[in-house]
Amino acid sequence: MKTRKVLASPIKTDRLNLRKFQTGDENSLFTEYFGDWEASKYLQRMPHKNISQTKNMLENWCGVNWEDPDKNFAWIVSDKKTDLALGIVLLFNKENCGEIHFGLGKKFQGQGFMQEALKAVITYLKNNSTLERIETFCDAEHSRSQNALIKSGFTQTGILKNWARFPLIGEDTRDCIHYYIEIN
């Protein structure tokens, strides 16, 4: 089967810009998300140890990878008025579907930012890709992610037993919930 290509491009919403990395984004994203233990609880990695680690990740995922349609990439989610980086949306290209993951700084949660960002990404992918659907999963106890996904139009398809390990929760693999949305 032919590999599907998706080019990264800026996306604008009423309150947000989804964009490429800019120097300085690492500061708020390290403090509020990548380096924060509470915000990293449901991630499959440990929190970043320093701002340099966050900057390197962002320069790659939200910078260099934007130039290559075969690469997985991410958008910085920033406030439209202040341009402050609030979070991130990652896209993994897989043949006829994409896998999406996301995160938002703790002080920006509960304000509908991620739902707005996800809806914008879905619309962008419908109009600018040959992907047939987008999939994702989250820990079965991560209600904030579940709510953002459902409010963004994703459908829950079932439980993935012992699917992923979240180091801040423990060493054992945990049950996750699978979601998808048809886009083409």
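Let's start with a pair of residues: Asn-93 has Gly-98, in β5, as its bridge partner. Helices (H or I, at least four residues) and strands (E, at least two) are DSSP runs, numbered from the N terminus. This is a predicted model, where local features need pLDDT of at least 70 and side-chain atom pairs count only at pLDDT 80 or more, while totals for chains, interfaces and linings use all residues. Residues are numbered from 1 along each chain as its sequence is written, and side-chain values use heavy atoms, with hydrogens and water left out.

Strands β4 and β5 run antiparallel and are joined by eight bridges; two strands pair if DSSP finds at least two bridges between them. Two residues lie between the strands in this hairpin, where Glu-95 has a positive phi near 30°.

## Strands β3 and β4

Now look at the other pairing of β4. With β3 (residues 73-79), β4 forms six bridges in the antiparallel sense.

Is β4 mostly covered or uncovered? Eight of its ten residues are buried, so mostly covered (buried means under 20% relative accessible area, exposed over 50%, partly exposed in between, with a 1.4 Å probe and protein chains only).

## A closer look at Thr-136

Thr-136 sits in strand β6. This residue counts as buried because its relative accessibility is 3%. Its side chain reaches the backbone oxygen of Ile-100 at 2.5 Å.

Beyond its neighbours within four places in sequence, Thr-136 is in contact (heavy atoms within 4.5 Å) with several residues, among them Glu-99, His-101, Leu-149 and Phe-154.

## The largest pocket

Finally, find the largest pocket, which holds about 1,000 Å³ of space. On a 1 Å grid over the protein atoms alone, a pocket is an open set of points where a 1.4 Å probe fits, with protein on both sides within 12 Å along at least five of seven lines; lining residues have an atom within 4 Å of a point.

The lining has 42 residues, and Tyr-33, Phe-102, Gly-103, His-142 and Ser-145 lie nearest the centre of the pocket. Elements that each supply at least two lining residues include α1 (25-34), β4 (85-94) and β5 (97-104). The largest share, seven residues, comes from α4.

Definitions and conventions
Points joined across faces, edges and corners; volume = space filled by probe spheres on them. Polar contact = N/O pair within 3.5 Å; in protein donor to acceptor, adjacent residues only side chain to side chain.
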